[in-house]
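Have a look at the sequence and the model first.

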Amino acid sequence: MIRAGRQHLVRTLADLAAQQGVGIDHYTHLKPYDAPGFPKPINSQGSRTQLYDGEQVDAYLLGKPVPPFPETDDDGDLLDRRECAALIEVAPDSWKTYKNDPGLMESRIEAGGVEHWPRRAVLRFQEGRPGNAAPKPGRPKSTGDQVPRDQVAARVAELLDADPTISAATVTERLGVHRNTGQDALTRLRADRIADHIEAHPTLTPAEAAAQLGYPAGQVRRATARAETVLRARHIAPYLADVAAALHRAGWTTEPTAPDAQFPGDDRVVAALVLDGDQAPAPAVVWDERYGWRTAASRRHPITKGAVPPSEGGGVRYLAGGITPAPGGVVTALTTPDA
């Protein structure tokens, strides 16, 4: 953690390299920070970006005693995501959901290119976070879900943190939501975590990753299938971003960033880009990993339901160029009727 009042002393490896007058590649090759006595990183173990306290590093380089940090916690201490998760006793993956809380978003601080939150903000969130109150057992007949939809993922994440083997039936009972709601949230969370685990350990299969995370084999068939789809969506995201940028440059869309991927049936990746420019050649375009790009007749509902793709006609046209044509090729195809 970054102790209170010491944010201005934070240094990255690039800062330490510059301090020694060498390039970062040369510095990380020599690894002087692995020498005995060199100050330890101040962020949590396993972090991709290592951060150091400048006062400690300067003292070490001058051959002086390295000053210790205060031993007592302070409300102003800055915690990274692993430290935040540990403080409120949840898995680090759960923090990805929790950090979107408005209070935490407002309190977020970037130090050395790494997100941090003041201890006081995390404790304040802990006092009022969803799930602190005891859930009402069961779901009364003929009633709606007892948990607001925007809180379901966070509440299910808590239950999954506490028990990786939890079933959809238990989620339904604990949260008072419809079984389909609980099952869907549980599948999505497990799939995302399986995908995260595979990205960290690329040699694993989805089934092996699920087993390492403690998920029962009999409960995760949908989750492992969806995890494979999630990984494909993450892989294709840069390409979709490039196409979105090209359509934005053409003046056909006001949104230059990649569209959110959708997973119909959990087994395929589909994404839609609304073309809201005045001169746009179609209301929207849809990318489907099976067929590539097509136009859509509706901006409001560009992705049709069901596994069968829509037929051409009525505003729907499949664009030539294969599954992943160059972004400029998509622009050309949209302005060429026969392409």
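## Ground rules

A crossing is left-handed if the near helix is turned anticlockwise from the far one by less than a right angle, and right-handed if clockwise. Helices are DSSP runs (H or I, at least four residues), numbered from the N terminus.

This is a predicted model, in which local features need pLDDT of at least 70, side-chain atom pairs count only at pLDDT 80 or more, and totals for chains, interfaces and linings use all residues. Residues are numbered from 1 along each chain as its sequence is written, and side-chain values use heavy atoms, with hydrogens and water left out.

## Helix H12 on its own

H12 covers residues 221-249.

After H12 comes glycine 251, with a positive phi near 85°.

## H12 against H13

H13 spans residues 327-335 and packs on H12 at an angle of about 50°, with the axes 8 Å apart. Axes here are lines fitted to C-alpha atoms over the stretch in contact, and angles run from 0 to 180 degrees between N-to-C directions. The two helices are therefore oblique to each other (under 35 degrees is roughly parallel, over 145 roughly antiparallel, 65 to 115 roughly perpendicular and the rest oblique). Their crossing is right-handed.

On the H12 side, Tyr239, Asp242, Val243, Ala246 and Leu247 meet Pro327, Val330, Val331 and Leu334 of H13, where contact means heavy atoms within 4.5 Å. This contact has 8 nonpolar, no polar and 1 charged residues; Ala, Val, Leu, Ile, Met, Phe, Trp, Tyr, Cys and Pro count as nonpolar, Asp, Glu, Lys and Arg as charged, and the others, Gly among them, as polar.

## H9 and its partners

H8 (residues 149-162) and H9 (residues 168-175) have axes that come within 11 Å and cross at roughly 120°. That makes H8 oblique to H9, and the crossing is right-handed. Arg155, Val156 and Leu159 of H8 meet Val171, Arg174 and Leu175 of H9, a set with 4 nonpolar, no polar and 2 charged residues.

H9 also packs with H10 (residues 179-200), at about 120° and with axes 8 Å apart. The crossing of H9 and H10 is right-handed. Here Ala168, Ala169, Val171 and Thr172 meet Arg179, Gly182, Gln183 and Leu186, giving 4 nonpolar, 3 polar and 1 charged.

Notes. Expected span 1.5 Å × (residues − 1).
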